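Dear colleague,

I am passing on the structure below, together with some notes on the charged side chains in it. Please read the notes alongside the coordinates.

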Amino acid sequence: FSVAPKIGGDTLFASSTKMYNRLDPESKIEASKAIVVYSNRFTSGGYSAYDCENGLRMNSTGTRLLRPAQRRLPSWRYWSKTMPLVFTNENGDKFISVDIRKFDHIQGLTVEKSRGKLEDWLLRGLGWCECLRKSKFDPETLLAIDDGGGWDPRCVYRHKWKTGDSILFNNDTVLHTPTPTAE
């Protein structure tokens with residue numbers, strides 16, 4: 001960041017291999033068969049920060065879109081593509097690969113059913129606990145005020161950006177999401 005945001009803009013990083021390995025055997029099979037449709041229909045057509053600025057809101061764990069962007073860039077044009085949810089790396093390790101901002105649905109399921117299914121897999125993979133249900137949101141902006149600290153820190157790293165920060169990571173096996181917060 002050349003200039004860190006005054007509010008929000010935290011980024012969550014999670015090992016998608018650890019997340020996959022935490023799933024029960026039935027969920028691993030189901031997730032491995034899932035074909036995801038991605039599109040930009042819920043976004044503003046820009047970077048994550050622009051989406052946030054234009055009203056797109058994620059939940060405090062970054063596992064579910066709460067509200068699509070309210071405005072779009074003039075250059076916005078609809079696109080979509082399909083990809084598997086689970087991949088295998090060169091070492092034979094399986095990992096979950098998903099972009100929540102652009103996640104549209106799982107083929108064969110409605111958008112809402114897809115979001116519920118994906119969120120369930122991701123939260124269990126993150127070491128979800130009941131305290132995540134206690135997250136508080138600003139009712140006007142839908143920005144998270146408190147995330148409840150409910151994920152397993154062995155699996156998730158939350159970075160609060162400061163001016164001059166940079167992070168290097170493997171984009172294939174580390175899920176990352178901007179999580180706008182009102183802190």
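At 28% relative accessibility, Lys117 counts as partly exposed, and I begin with this residue, bearing in mind that the model is predicted. Lys117 pairs with Glu30 in a salt bridge whose closest N and O atoms are 3.0 Å apart. Because Lys117 lies in helix 4 (residues 111–125) and Glu30 in helix 2 (residues 25–33), the pair ties together parts that are 87 residues apart in sequence. Glu30, with a relative accessible area of 33%, is partly exposed as well.

Helix 4 also holds Arg124 and Asp120, which lie four residues apart, or about one turn of the helix. Salt bridges with shared partners join these two residues and Asp24 into one network. Between Arg124 and Asp120 themselves, the closest N and O atoms of the salt bridge are 2.6 Å apart. Arg124 has a relative accessible area of 31% and is partly exposed, while Asp120, at 36%, is likewise partly exposed.

A further salt bridge brings together the side chains of Asp99 and Lys102, with an N to O distance of 3.6 Å, which falls inside the cut-off of 4 Å used for such pairs.

By the rule applied here, the count comes to seven salt bridges, among them the pairs of Lys117 with Glu30, Arg124 with Asp120, and Asp99 with Lys102.

Terms used
Residues numbered from 1 in each chain as written. Predicted model: local features only at pLDDT ≥ 70, side-chain atom pairs only at ≥ 80, totals over all residues. Heavy atoms only, no water. Helix = DSSP H or I, 4+ residues; strand = E, 2+ residues; numbered from the N terminus. Buried < 20%, exposed > 50% of the residue type's maximum accessible area, 1.4 Å probe, protein only.
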